Each structure stands twice: as C-alpha cells, then as structure tokens.
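Subject: Structure handover

Hello,

Here is the structure I promised you. Please open it and keep it beside this email while you read.

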Amino acid sequence: MWSNLPLFPEQASTVAGSVDALYMFLVLVSAFFSVLIFGLLLYFAIRYRRRSEAERPVAIYGDLRLEFLWIVIPLGLTMVMFVWGAKVFFHISTPPTEAIEISAVGKQWMWKFQHPSGNREINELHVPVGRAVKLTMSSEDVLHDFYVPAFRVKMDVLPGRFTTAWFEATKTGSFHLFCAEYCGTVHAGMIGQVIVMPPADYERWLSGDGAGETMAETGAKLFEQLGCHTCHSGQPDARGPSLTGIFGRAVTLQDGSRVQVDENYLRESILTPNAKVVEGYRPIMPTFQGQISEAGLMQIVAYLRLLSGREGSMN
Ligand code: CUA
C-alpha cells in the first residue's frame, strides 16, 4: 500500500505491513497534534492580542473538565501505542520454531554468513521465499547492525554475545543489506544483498557452490580438536557434564539457581567457563577465549544442538 510513496522502502517480508501500519499511526497522531497546537497558538496569539496599554485580562483559575480531558486523551493514545507496539515487538522478536537457522558474523567491514548445510558467503545472503529465516549473529570486533529495510528488520550485532533476528521474505529478488551502526572508516561500505529465491532454486544453490561439511560437522571436529570431548565424554565419572540433550533445557547451577541452555549460555560456558558451573562439578574448565573464532563458536553450538536433536528448531 505504501510502496507508491517514495518515502517508504518496498515491503518484502511478512512483518513489513504491521511495522508500517504502526509507524503511520504514530506519524498521523504526531502530525495531528502538531498542526492543532501550532494552529491554536497562532489563532490565540492574534485573537487575544493586547489591544491597548490599559488592557487587563480576566484572571482564570482553571477548569476541571479541561484538566480531565487532557489527561484522558493522551493517556488513551499512548496506551494504544504501547499495546500495539508491544504486540508488534513481540512478534518480530520471537522467531517461529520452524525457521531456517543461518549464522551471521559482522566484522570491519563485511558480513559473513554460514548456512546449516555448511555453505558460506560474504556480503550476500541467499534465502528461500516464504520460509522464516532466523539469524544468530555476533561480531568479531565492534558494534555493527544488520539492517534490511525492505524486510523492516534491524538488529544490533555485538561483540561478545549472540543476538538474533528473523524474517520471512514474501517476494523474490535482491534486497539491500546495510550496516546501521557506525563502525569505522568503511562503515558506509559494509553493505550487501539479500537474494530471495524460489525454494527449489535455493535448494539447488545450496547443493552447488560451497557445499561441504555441515556447520554441525565442523563443530564436531572443533569439539575434538579443542579437546572438549575429554572432559565432556558423557561417561558417569567424567570431569564435565554430558552435553547430550541439554540444549533448550534448564540446568541447575552450584548455587541452586536454574538457567536455560541456549546459544548465549553455551557461548559464556566456552569463553568464561567458571561464570555458571553446573551443580555437582568443579570450576576446573579452562577458558577458550582467543582460541576459537566467532564462526567456530556458532559451529560448536550447531553441534551441541545436533546432540540434543534441536537443529534449526530453537528460539
Ligand atoms: Cu559495520 Cu557500520
């Protein structure tokens, strides 16, 4: 509906319509009150201008009905904005469970993507149309921001933790990808394309260039190379807890508290192992800070999800 307006980018995702509708509502409410206030200001300034030196206005001591009115109307309007905004926000921050999981790493100054099947790409992201895609993102250096205007998707990409974003493209074609957080000299050049293809073409693309071992397979190799399997062997007398089946579940820590095992918990446990030690185990795990890349972390997480039968179905 708004695509004819050059002010708005094309709508090419399932959430674009609801984001624009909310945005339009905010603009219209703001425009209405701006016009009303400036109009009245001007009108009153002329209508009640001082006509002679001797003129003294009548004192006014307020009006309860007026006070009531300008409390109730803004309250009602802001509550509509709040409830409507919260609804849209929860929708766009909750990826559907059947989403395809793709990892994204931002660095000065490029975007690196890896598909579950192992395909990697730089500054280009191929996705199928009509399927939800969830991105798990992190940065190798500074703050970046993943922004695809046509999808109304914008999410900070941070060093030191995973953030997620999701979208479902509704049109095939090529859409601009921007970095929306100033990140250094070539920030403006940190751009790319999201290429939305019919599902069959996407499958063909996956099996073509760059197909090799899956993310989880690479993760399994890393798990061995780094020696994780020596302690997390799954044996009853192992020095570390078994990692099979833990993803998506809650574990009890030494202090009795419970945490949900998700991407960020696994990340913390690899890089800062003693932050949250599972009940019944000692804080003996060394840190792997500096020994594993952002992409490597995502691959190990993909492997641990596979061990839990939760590949591509977690949020
Ligand atoms: Cu990356 Cu701006």
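Start with helix α6, residues 263-271. Seven of its nine residues are buried, so the helix is largely enclosed by the rest of the structure. Buried means under 20% relative accessible area; exposed is over 50%, and partly exposed is in between (1.4 Å probe, protein chains only). Helices (H or I, at least four residues) and strands (E, at least two) are DSSP runs, numbered from the N terminus.

A note on the source: this is a predicted model, where local features need pLDDT of at least 70, side-chain atom pairs count only at pLDDT 80 or more, and totals for chains, interfaces and linings use all residues. Residues are numbered from 1 along each chain as its sequence is written, and side-chain values use heavy atoms, with hydrogens and water left out.

Back to α6. Its buried residues are E263, Y265, L266, R267, S269, I270 and L271. They pack against strands β1 (100-107), β5 (132-139), β11 (250-252) and β12 (258-260), and against helix α7 (294-307). Contact here means heavy atoms within 4.5 Å.

What caps the N-terminal end of α6? D262 does, with a side-chain oxygen 3.2 Å from the backbone nitrogen of N264. That is a polar contact: a pair of N or O atoms within 3.5 Å; within protein, one must be able to donate a hydrogen and the other to accept it, and residues adjacent in sequence count only if both atoms are side-chain atoms.

Now look at α6 and α7 together. They pack at an angle of about 120°, and their axes are 10 Å apart. Axes are lines fitted to C-alpha atoms, for helices over the stretch in contact, and angles run from 0 to 180 degrees between N-to-C directions. On the α6 side, E263, L266, R267, I270 and L271 take part. They meet E294, L297, I300, V301, L304 and R305 of α7.

Next, some single residues.

S103 is in strand β1. S103 is buried, at 7% relative accessible area. Leaving out residues up to four places away in sequence, S103 touches K112, F113, Q114, T136, M215 and M298.

H126 sits in strand β4, residues 124-128. Its relative accessibility is 8%, so H126 counts as buried. The side chains of H126 and E121 make a polar contact at 2.7 Å. M197 is 71 residues from H126 along the chain, yet their C-alpha atoms are 7.2 Å apart. H126 also touches other residues, including I102, H115 and W205.

T218 belongs to helix α4, residues 215-225. T218 is buried, at 13%. Neighbours within four places aside, T218 is in contact with E213 and Q299.

H232 lies in the loop between α5 (228-231) and β11. Is H232 buried or exposed? H232 is buried, with a relative accessible area of 19%. Its side chain reaches the backbone oxygen of P241 at 2.7 Å. Among the residues that H232 touches are F223, L243 and M285.

C179 is buried at 7%, and C183 is buried at 5%.

Last, the overall layout. The chain is assigned domain 1 (2-50 + 57-93), domain 2 (100-206) and domain 3 (216-314). These bounds come from an automatic or database domain assignment. The centres of domain 1 and domain 3, taken over C-alpha atoms, are 49 Å apart.

Best wishes
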